[in-house]
Structures are given as C-alpha cells and as structure tokens.
Amino acid sequence: MQLGYLPSRSLRIVSRREGAGGVDEARPDDRRGEAPAGLPAQPPVGPELYNPPSSAPRSLMVRSALARLKPDAPVAPDPRSILDSIGQTVYDWDLHTDRIQWGPNAGAVLGVKAMTAIQTGRAFAEWLSNDSESSRFEAISRSAAADEGMGVPFQICYGLTPPDGPREATIWVEDTGRWFAGPDGKPARAHGLVRVITDRYKQERQLALRSRFDPLTGALNRACLLELCANFYEQAARRKQSFAALLIGVDNLFVLNRTYGYDVADQVIAGLAKRLRASCRERDLLARYAGNKFAVVLENCDAGEMSAAAERFIEIAAAAPFETSGGPVPLSLRIGGVVAPRNGRAPHILFQHAEEALDLARQPGASRFIAYEPSLAREDARMRALKISDEIVGALNGDRIVIALQPIVSAQSGEPVMFEALMRLRRMDGTLAAPAAVLPTAEKSGLIQMIDQRVLDLAIKKLIEQPDMRIAVNMSGQTLHEPDFMSRFRALLGARPELARRLTVEITETCVIEDVEATSQAVAALKQFGTRVAMDDFGSGHTSFKNLRRLNIDLVKIDGAFVQNLSRSADDRFFVRTLIDLARHIGLPIVAEWVEDGEAARILRDWGVEYLQGDYFAAARVAPADLGGGACAVA
C-alpha cells in the first residue's frame with residue numbers, strides 16, 4: 001500500500017505475488033521509496049498485518065518489518081472487559097417471542113446467578129422493584145414516536161430486586177436503547193445497553209428528598225405542601241367534599257433554644273413531628289411550615305372534625321414531656337384552622353387565613369385553638385396593612401424615609417444635650433406619615449430592619465455633617481438580634497469609628513424581655529464601639545433588677561404614656577416616681593419623654609430627673625433638604 005500523503009516516510013515494501021509459475025520476490029525497482037536516514041520506517045498498514053491468513057507463507061522481509069514494531073503494539077480492545085469494568089451489559093429483545101438475548105457479562109453486572117431467570121421479558125419484569133416508576137416495556141409500548149427505519153430511541157431508569165429478596169438488595173440501572181417496528185408499525189425488537197447507577201441514583205434521590213422534605217423531622221417542607229394541596233382541591237371538587245388545614249405553633253420556641261440549647265430544641269421539634277404523624281390518617285399531609293410551625297392538611301374534614309383533630313393534637317403534645325439529651329422538656333401548642341375550599345380557594349389564601357387564626361390563638365387569654373371565620377373588619381385591616389407595606393417599600397426605594405430631630409434637654413439648664421432621630425415616611429404628596437401608622441406593619445411584615453438601617457445611615461450622615469451633635473436612634477429587637485447587624489454597623493462607621501461615641505442606641509424594654517441573652521450580647525458589642533445604650537419605654541415591660549444590671553445600659557427613658565398626663569393623674573405620678581426610684585437605686589440616669597407642659601417639667605425636675613424630652617421644649621422637625629426645600633417641618 002502506498003501512502004501518498006507521506007511519500008518520504010513510506011516503508012520499503014516487499015510483497016509476495018503468487019502466480020501460475022510459482023512465487024517471485026519483488027525486484028529492487030519495484031520499491032516504492034526509501035525511508036529517510038535516522039527516521040523509523042512507517043509500519044505496513046492493512047488488514048493482512050493484524051489478521052494474516054493462516055495458510056499464507058511469510059517472507060523474511062515481512063518478518064523483518066514486523067520485528068521493527070514495538071513488542072507492546074496496541075491490539076483491538078476487548079468490549080466485554082470494558083463493559084465489565086464500567087458495570088454495563090447489552091441485550092437484544094424479540095418482543096414477538098419475548099426472548100431476551102443478553103451479553104455474556106449480564107449475570108456479573110446484574111448480580112443474577114441463573115440467567116434463565118431473566119431470559120424473557122415477563123421473567124425480567126418479576127425483578128422490577130416496587131419503587132420503580134416505570135419499566136422498559138412501558139417505555140417502548142407507550143412511545144408516541146414512529147419508527148421511520150432507524151429505530152426509536154428510549155432511556156429509562158428502574159430498580160431490580162431479586163424475587164423475594166430484601167429491598168436493600170435493589171440495584172438501580174439506566175436502560176438506553178432503540179426499538180424497531182415490525183411490518184405492522186408496532187414495536188417488534190429492541191436492543192440496548194443497561195448500566196448500573198445505584199450510587200448515582202441514591203445521591204439524586206437524596207437530593208430530591210432534601211428538596212421536598214424537612215431534614216430534621218422528615219415531614220414535607222412548605223413548598224412541597226403547597227404543591228400537593230392542589231390534589232386536595234381537585235378531590236374536594238370531584239367528590240363535593242371539604243378539607244381542612246391546621247397551622248400548629250409551638251409556644252415559646254426561642255425560650256427553649258435559650259434555656260436548653262438549639263440541639264435539645266431540635267430534638268423536641270423532631271419528637272413533636274413523630275407524635276403528630278402518629279395521629280394523622282394515611283392520606284393526611286404533615287409539613288414543617290416554619291421553624292416553630294407545623295401544618296396538617298386533613299382530607300375529607302368539616303369544621304367539627306377539624307376542631308376535634310386540633311384538640312387531639314394539643315392533648316398529645318401536652319400529654320407527656322419530650323425526652324431529650326437535656327432531660328424531659330414540656331411543650332404546649334397553639335393552633336389556627338381553616339376549612340377549604342369555602343374559606344380559602346387557593347393554597348396561599350388557605351394558609352394566610354390559617355396564619356390569621358393562629359395569631360388570634362396566640363393572643364393573651366385566647367383559646368388554644370381558633371377556627372378561621374371571615375371578618376370584614378379583619379379583611380379591611382389586612383388590606384390596609386398590604387397598602388402600608390407597599391408604601392414602605394416605595395419610600396425605601398425612593399429615598400423617602402427621613403428623620404425628624406427632637407432635642408433631649410438638660411432638666412436644669414434646658415439646653416439640648418442630644419437629639420433623637422425619629423423615623424418619618426414622606427408620602428408622594430409630600431405629607432409625612434407618623435411612626436404609629438407605619439412601624440407596627442413594618443414589624444409584622446419584616447420591613448423594620450430595612451427602616452432601622454435607613455435611619456441609622458441618616459443619623460451617621462448627620463453626625464459627619466455636624467461634629468458637635470449627639471444623636472439617639474431607635475433599634476428594633478429584630479434588627480438588634482440579627483446575626484450580621486454588628487458587621488454592618490462596623491462597615492457603616494468605616495474609617496470614622498469615633499462617630500460611634502456620639503451615638504446612642506435606644507432599645508425597648510419589650511425587646512429585652514423577649515430575649516435577654518441575645519440583647520445582652522448585642523448591648524455589649526455596641527458598647528465596645530463606644531456607643532451608649534438606652535432602654536426606651538421603661539416601665540412598659542416590668543424589667544427585673546437582675547436584667548437591668550446584666551444589660552449594663554447607660555440610661556433609661558421612662559415610657560411617655562405615663563409622663564404626658566403626669567400633672568393631671570395621681571396614679572401616673574405614683575408610677576413614674578416608683579420608676580425613678582428604681583433607676584436611681586441602680587444608678588442609671590433618666591430621660592422623661594412626652595413632656596407636654598411646664599407643670600410636668602417642674603415635677604420631674606424636682607424628682608431629680610436629669611433629662612427631659614417633649615413638645616413643651618421643641619417638636620421633632622425634618623430638615624428642609626429632606627422636604628425638598630423650605631422651612632423645617634414639624635413632624
């Protein structure tokens with residue numbers, strides 16, 4: 001053979017030609033070319049080299065050419081050894097006779113000792129795992145494609161378990177092949193390759209489970225629950241039935257976390273899931289709706305049955321403490337329920353109403369189970385809250401959250417010692433919304449943290465602009481307890497850490513009571529920056545002496561609700577005097593807010609209050625630049 005594209009590297013070829021007169025060797029002038037000096041000759045190419053006829057004699061020159069080949073010259077790969085090493089085998093299936101011809105390594109790959117057990121399609125089907133969603137026969141017989149002469153491809157995954165074998169013995173395979181039609185156009189033959197994918201299947205299944213189930217409790221997650229609720233609506237419409245949704249709240253989970261630790265609290269949550277699941281019917285759904293909430297969807301359930309089920313869940317949770325590594329832990333539940341589709345014709349509306357019922361059940365003195373009932377007043381309040389939430393988001397995006405500064409004066413001199421930065425929302429028409437109209441909704445909707453951040457940004461900016469000013473800002477418990485709040489606070493100060501020493505952060509007494517440990521840590525972190533910390537609304541939450549000492553705060557602000565009527569109410573005077581004595585006993589300076597008349601200011605001054613704040617001295621005002629020009633606006 002002449003290699004025309006490599007003439008200078010062609011091999012000196014000596015061929016044997018057999019003719020009628022015998023065998024002749026090629027003459028020198030029949031040579032096709034010489035190999036260049038210093039380069040190995042190109043080996044002969046052609047089937048005769050690798051598979052020479054057994055009867056053909058060999059010449060000395062051919063043997064010399066072969067001798068120049070490397071001893072370990074590559075040979076054609078063995079398909080069986082490759083398939084064995086990667087866990088694959090082939091098959092050919094005649095659908096008319098139902099006979100399956102397997103590759104010689106099928107027994108080793110599939111773990112089948114007697115191949116007669118899988119030599120027909122029917123026998124092979126006996127090995128299908130109950131967990132398999134489909135089979136090879138279904139993939140072929142249900143195919144909507146037509147064979148145009150090249151066959152129709154298919155691919156499917158299924159499990160194989162030996163008949164009467166344990167479920168743990170299941171292997172999972174991927175079956176990739178083509179089926180071919182007979183004269184009638186229907187599948188007549190199929191061939192393909194079966195590959196063992198047990199490890200991959202287990203990993204993918206684990207990922208799928210994680211996407212649908214809560215890893216701690218094994219219950220459905222919220223996304224999966226809402227998806228499956230569609231089936232309940234379809235069944236209710238088809239059978240003219242109702243079903244119910246219960247939202248089950250765990251009382252004081254944050255207390256469990258702080259008292260026993262998160263590991264013990266997790267054990268309680270997991271134990272509660274087991275008790276709830278044991279009390280559900282087979283077709284009911286149990287899901288972990290949130291950190292401290294479970295949801296149960298009850299099939300074919302009316303209002304009376306829903307109430308009975310809720311009472312049963314409450315009883316089983318309270319029947320006995322939950323055994324944990326930290327010892328027995330008691331638990332109590334609150335439940336809100338709603339009957340569908342009457343009171344919720346879509347999953348998100350259904351659980352929104354369940355949330356509203358649960359909120360009512362959590363009110364002081366309320367029953368532990370509340371069934372949702374439509375209320376025009378409540379629906380109106382909900383719509384107003386949605387409107388306010390939209391307004392807050394628009395104001396944040398449009399830089400319409402501003403601060404109004406109100407002075408805090410010395411009770412003796414009347415001169416300002418600092419200013420409190422009060423949040424105001426500037427509406428599109430230029431009017432200002434008071435905090436009372438915005439903050440409650442912001443706290444419920446989770447927008448309060450964004451508002452706090454905006455107010456803090458504006459306060460820091462004001463401190464930079466006016467080096468002699470001191471400012472106090474309010475901070476909600478949600479913001480203060482946020483894990484990354486301190487890192488954001490540090491980043492906000494940037495290269496001006498000295499600004500923190502002219503800043504006071506006011507926290508509410510209610511915030512302290514909700515989580516004393518977390519609040520104490522946050523206060524300590526703020527004080528490391530040099531920031532002062534004040535307890536706002538002192539007197540509204542009845543903080544103990546122990547907590548006041550533990551927090552190491554710098555001053556207290558008496559709740560203005562008790563101050564504004566001080567000159568007219570003997571009860572308020574008694575209570576304020578008691579609070580002053582309490583703060584004085586601990587050695588904390590006092591600010592009295594909402595001072596609205598001179599008589600109240602005189603009384604507080606005589607009682608030794610150091611600082612006063614209120615409209616009697618100056619109202620809170622928004623800077624002209626924040627209002628688009630003009631004089632400062634009272635806000």
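Reader: Which residue in β7 does Gln-88 stand opposite?
Author: In this predicted model, Gln-88 stands opposite Arg-195 in β7.

Reader: How many bridges join those strands, β3 and β7, and do they run parallel or antiparallel?
Author: Strand β3, residues 88-94, and strand β7, residues 187-196, run antiparallel and are joined by 7 bridges.

Reader: And what is the strand order in the open sheet they sit in?
Author: The order is β4-β3-β7-β6-β5, an open sheet of 5 strands with antiparallel pairing, and from one strand to the next the twist averages 25 degrees.

Reader: Which strands stand at the edges there?
Author: Those are β4 (99-102) and β5 (152-160), and because each has a single partner strand, one side of each is left without a neighbour in the sheet.

Reader: Changing topic to Ser-129: where does it lie, and is it buried or exposed?
Author: Ser-129 lies in the loop that runs between α5 (121-125) and α6 (136-141), and it counts as buried because its relative accessibility is 9%, where the cut-off for buried is under 20%.

Reader: What does Ser-129 touch?
Author: Leaving aside residues up to four places away in sequence, Ser-129 touches Gly-159, Leu-160, Thr-161, Thr-170 and Trp-172.

Reader: Now the largest nonpolar core: which residues touch the most other members?
Author: Val-473, Leu-604 and Leu-612 do, in a core of 70 residues, and the largest share of this core, 8 residues, comes from helix α15, which spans residues 448-465.

Reader: Going back to Val-473, which residues does it touch?
Author: Not counting residues up to four places away in sequence, Val-473 touches Ala-421, Val-455, Leu-456, Ala-459, Leu-503, Thr-504, Val-505 and Glu-506.

Reader: How many residues of β20 are buried?
Author: Strand β20, residues 503-508, is mostly covered, with 5 of its 6 residues buried.

Reader: Which strands does β20 pair with?
Author: With strand β19 (residues 471-474) the pairing is in the parallel sense over 4 bridges, Ile-471 having Leu-503 in β20 as its bridge partner. Strand β21 (residues 532-538) also runs parallel with β20, joined by 5 bridges, and there the bridge partner of Thr-504 is Arg-532.

Note on methods: Residues numbered from 1 in each chain as written. Predicted model: local features only at pLDDT ≥ 70, side-chain atom pairs only at ≥ 80, totals over all residues. Heavy atoms only, no water. Core = buried A, V, L, I, M, F, W, Y, C linked by side-chain atoms within 4.5 Å. Buried < 20%, exposed > 50% of the residue type's maximum accessible area, 1.4 Å probe, protein only. Helix = DSSP H or I, 4+ residues; strand = E, 2+ residues; numbered from the N terminus. Contact = heavy atoms within 4.5 Å. Pairing = 2+ DSSP bridges. Axes fitted to C-alpha atoms, helices over the stretch in contact; angles between N-to-C directions.
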